[in-house]
Amino acid sequence: MKSLRPESINHFKITLAWALTFNGYGPVAEEIEKKPKKTPRDADTLKDIVALTKRRGFVFPGSEIYGGLSNTFDYGPYGVELMRNLRNLWWKSFVLERDDVVGLDSSIILHPKVWEASGHVGSFNDPLIDCKNCKSRFRADHILEETGVDTKKLTLESLVEAFRARQETLQCSVCGNKGTFTEPRQFNLMFSTKTGSVSGSDLEVYLRPETAQGIFINFKNITDTCRVKIPFGVAQVGKSFRNEIVARQFVFRTREFEQLELEFFCAPGSQKEWFEHWCAFCMNWLYSIGLKKENLRLRQHDPEERSHYSENTADIEYKFPFGWGELWGIASRTDYDLTQHVKVSKKNLEYFDSETNTKYIPYVVEPSLGLNRLTLAVLCDSYLVEKEGTPEQRIVLGMNPKLSPVKVGIFPLQKKDGLPELAMEIHRKLSKLFPVEYDVSGSIGKRYYRQDELGTPFCITVDYDSLKDRTVTVRLRDTTEQKREKIDSLPEILNRLIFS
Ligand code: ATP
């Protein structure tokens, strides 16, 4: 069996090998190497992962008790923690640890002129087709891609031509009829709503389709109030909304999603260097959180594929079970956005560069990451089935401990004789440091199994010896190895193992 160990395990292994040897555990690294692990990468894996996320409280179908609302999802207690860890690690690396990036939290609803200036009102469209028979709606480019056409480089006109040439043979996946599609037409992806309570005074506004524009319209506020000098970046985390015609592949493409965006402002002429910097920085960050190198690639866009504002774009793609898909878009947006806002708002957004004594509209490099897609990538990357088909089969989310929603499971062996009280004492101590979970139900084996599926790196069992000598069994997720450890040393050891 092929060993498909994710980077997170390797990272974890090195940390454990050092730290546990230090604490008298012996050569853990060799032990880990002996255990065969498997990460199936076929399309069925996605079904298994979706089932696990529902079963274990990561992701629930949206509005489920009302029969569900298509393509909406709610994140349960463990999904929330996993996403919070990812968001915080991103913020730490992209804002806190850099001296050239500051943060922002702009509104979801912006003045409608923002979207006229940015070009979203005019060109944020997808080609749409309907089945005349069953009224189902599809994206024309997706339907063509299923027949082997590479639509990425096609203009709208050539896409319509390609569609017409195949129209008679194209089959609706819902009703099965052939040749029943309408011609493709453009469909704006922005959700609109109205502000104002007095009839007639209301204003049509949009839910933002990207967080970036909130940064551009605050460019002057930031340069006026903060001690920033070009080159510098502004980072923002928040929800964006796109009325995707065909939202699909679980949380990969949804109508409501969260973005982690950075607009990096630089002097004209330096954008190529910064583009390369951010491509490398983002890729290294994905490695650092434990995603496997073989599941990541950087794909350069061809000129025809780029958005209207971009002079250079690359996507970091992840190999999902359904194929390669965009995880992170890195675009060299030139001075397009700020220039547009100068034109439409009539405000001066020029920057005075005191070093060169010149004024200019800065150029922008934008790395834009989707948190929901990143969460899906982490789940796919860490999903392991061990000893598949045997009675000892176990499913493990072998993720980097820094990402794990629960860091330590704490179990009293029995519900009596003072064991729960001692376990709760440990819970109180450790919960001050990181998320822990107390569990008293079912056999110890079942409790371990549950924590393996949550990706919990350590479990502690409190037994009768613990009452006598204040030691507990610490069990490691990745090797299932168990060792005795003193209760008083747990905070120091575990904190080091999880965060170093
Ligand atoms: P795609 O080509 O997949 O529609 P995009 O190129 O339109 O994506 P960007 O506008 O570059 O995406 O957005 C930046 C990031 O936001 C993407 O790389 C992705 O991670 C995330 N994202 C975009 N649209 C969605 C969506 N509908 N659902 C979930 N995440 C999304």
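These legends describe close-up views of a predicted model. Local features need pLDDT of at least 70, side-chain atom pairs count only at pLDDT 80 or more, and totals for chains, interfaces and linings use all residues. Residues are numbered from 1 along each chain as its sequence is written, and side-chain values use heavy atoms, with hydrogens and water left out.

**View A. The shell around the ligand.** The ligand is surrounded by 14 residues (a heavy atom within 4 Å). Glu244, Arg253, Thr254, Glu326 and Leu327 are the closest. By type, the shell divides into four nonpolar, five polar and five charged residues (Ala, Val, Leu, Ile, Met, Phe, Trp, Tyr, Cys and Pro count as nonpolar; Asp, Glu, Lys and Arg as charged; the others, Gly among them, as polar).

View B. Contacts are pairs of N or O atoms within 3.5 Å. Arg242 places a polar side-chain atom 2.9 Å from a ligand oxygen atom. A polar backbone atom of Phe252 lies 3.4 Å from a ligand nitrogen atom. At Gly370, a polar backbone atom is 3.0 Å from a ligand oxygen atom. The protein covers 81% of the 590 Å² of accessible area that the ligand has on its own (Shrake-Rupley method, 1.4 Å probe).

View C. Strands S10 (256-266), S13 (323-334) and S16 (363-370) each give two or more residues to the shell (strands are DSSP runs of E, at least two residues; helices are runs of H or I, at least four; both are numbered from the N terminus). S13 supplies the largest share, four residues.

**View D. Helix H15 and its end.** H15 spans residues 444-454. Ile444, Arg447, Tyr448, Gln451, Asp452, Glu453 and Leu454 are buried (under 20% relative accessible area, 1.4 Å probe, protein chains only). Just after H15, Gly455 takes a positive phi of about 85°.

Definitions and conventions
Buried < 20%, exposed > 50% of the residue type's maximum accessible area, 1.4 Å probe, protein only. Polar contact = N/O pair within 3.5 Å; in protein donor to acceptor, adjacent residues only side chain to side chain.
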